[in-house]
Structures are given as C-alpha cells and as structure tokens.
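Please read them alongside the model.

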Amino acid sequence: MKSISCKEAVHYMLVREEGRLPLLKRISLWRHLAICSLCRTFAFQNKLMNAAIKQSSATSSTLTEAEKEKMIGDILNSKPK
Ligand SMILES: [Zn+2]
C-alpha cells in the first residue's frame with residue numbers, strides 16, 4: 001500500500017469528519033498519522049475545534065468574542081500526546 005502525503009492526510013481527515021471515508025483510505029490515514037507528528041497535531045487541534053463548535057452551536061448559531069478567544073486559547077495551550 002503506498003503511503004500518502006500530508007496534503008492527502010489532511011484531505012482524508014476532512015472527508016472522514018463527514019463520515020464518508022472508505023476503509024482503505026482510513027487505513028492509509030492511520031498509517032500516515034502513526035509516522036507523522038505534524039498531522040497528528042493537526043488532527044488533535046481539529047478535533048478540539050470541532051468539539052468547541054459543536055458545544056457552541058448547541059446554544060447559539062454564532063460564536064461570541066469570548067468563545068472565540070477561549071477556543072484560540074485552548075488550541076494554543078493544547079499539547080498533543
Ligand atoms: Zn503528515
């Protein structure tokens with residue numbers, strides 16, 4: 001199985017969020033994440049961002065300035081494991 005580039009990995013992550021990434025591409029993505037710390041960091045931050053958006057959209061349709069600042073702070077302070 002050929003390895004994928006970081007660009008492809010990011011694309012796969014975005015498609016995966018929509019829940020329509022085929023199994024073989026998911027496996028390629030897992031393999032890439034296992035060897036690429038940059039993409040692991042992106043995946044981690046993207047997950048935080050999505051969680052914050054989901055939480056916020058449960059109560060309002062737009063982010064307040066305080067919510068935006070908190071989100072940015074959370075991302076900047078986060079350290080992937
Ligand atoms: Zn990568």
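With which residues is Cys-36 in contact, leaving aside its neighbours within four places in sequence? The points below begin with the basis of the model and then take up this residue.

1. Basis. This is a predicted model, in which local features need pLDDT of at least 70 and side-chain atom pairs count only at pLDDT 80 or more, while totals for chains, interfaces and linings use all residues. Residues are numbered from 1 along each chain as its sequence is written.

2. Cys-36. Apart from neighbours within four places in sequence, Cys-36 is in contact with Cys-6 and Ala-9; contact requires C-beta atoms, placed from the backbone, to lie within 7 Å. Cys-36 sits in the loop between H2 and helix H3 (37-57). Helices are DSSP runs (H or I, at least four residues), numbered from the N terminus. Because 17 other C-beta atoms lie within 10 Å, Cys-36 is partly exposed; buried would require 20 or more such atoms within 10 Å, exposed 12 or fewer, and partly exposed is in between. The C-alpha atoms of Cys-36 and Ser-5 are 9.7 Å apart in space, although the two are 31 residues apart in sequence.

3. Length of H1. The 12 residues of H1 should span 16 Å at 1.5 Å a residue, and the end C-alpha atoms are 17 Å apart, which agrees. The expected span is 1.5 Å times one less than the number of residues. Just after H1, Gly-19 takes a positive phi of about 75°.

4. H1 with H2. Helix H1 (residues 6-17) packs against helix H2 (residues 23-35) at an angle of about 125°, their axes being 10 Å apart. H1 is therefore oblique to H2. Angles under 35 degrees count as roughly parallel, over 145 as roughly antiparallel, 65 to 115 as roughly perpendicular and the rest as oblique. Axes are lines fitted to C-alpha atoms, for helices over the stretch in contact, with angles from 0 to 180 degrees between N-to-C directions. On the H1 side Ala-9, Tyr-12, Met-13 and Arg-16 meet Lys-25, Arg-26, Leu-29 and His-32 of H2. The residues of this contact comprise 4 nonpolar, 1 polar and 3 charged; Ala, Val, Leu, Ile, Met, Phe, Trp, Tyr, Cys and Pro count as nonpolar, Asp, Glu, Lys and Arg as charged, and the others, Gly among them, as polar.

5. H1 with H3. The axes of H1 and H3 cross at roughly 25° and come within 10 Å. H1 and H3 are therefore roughly parallel to each other. From H1, Cys-6, Ala-9, Val-10, Met-13 and Glu-17 meet Leu-38, Cys-39, Phe-42, Ala-43, Asn-46 and Asn-50 in H3. By class, this contact has 8 nonpolar, 2 polar and 1 charged residues.

6. Met-13. Outside four places in sequence, Met-13 is in contact with Leu-29, Ala-43 and Asn-46. Met-13 and Asn-46 are 33 residues apart in sequence, with 9.1 Å between their C-alpha atoms.

7. H3 with H4. The axes of H3 and helix H4 (residues 65-77) come within 10 Å, crossing at roughly 155°. H3 is therefore roughly antiparallel to H4. Gln-45, Leu-48, Met-49, Ala-52 and Ser-56 in H3 meet Glu-67, Met-71, Asp-74 and Ile-75 in H4. The residues of this contact divide into 5 nonpolar, 2 polar and 2 charged.

Methods
Helix = DSSP H or I, 4+ residues; strand = E, 2+ residues; numbered from the N terminus. Contact = placed C-beta atoms within 7 Å.
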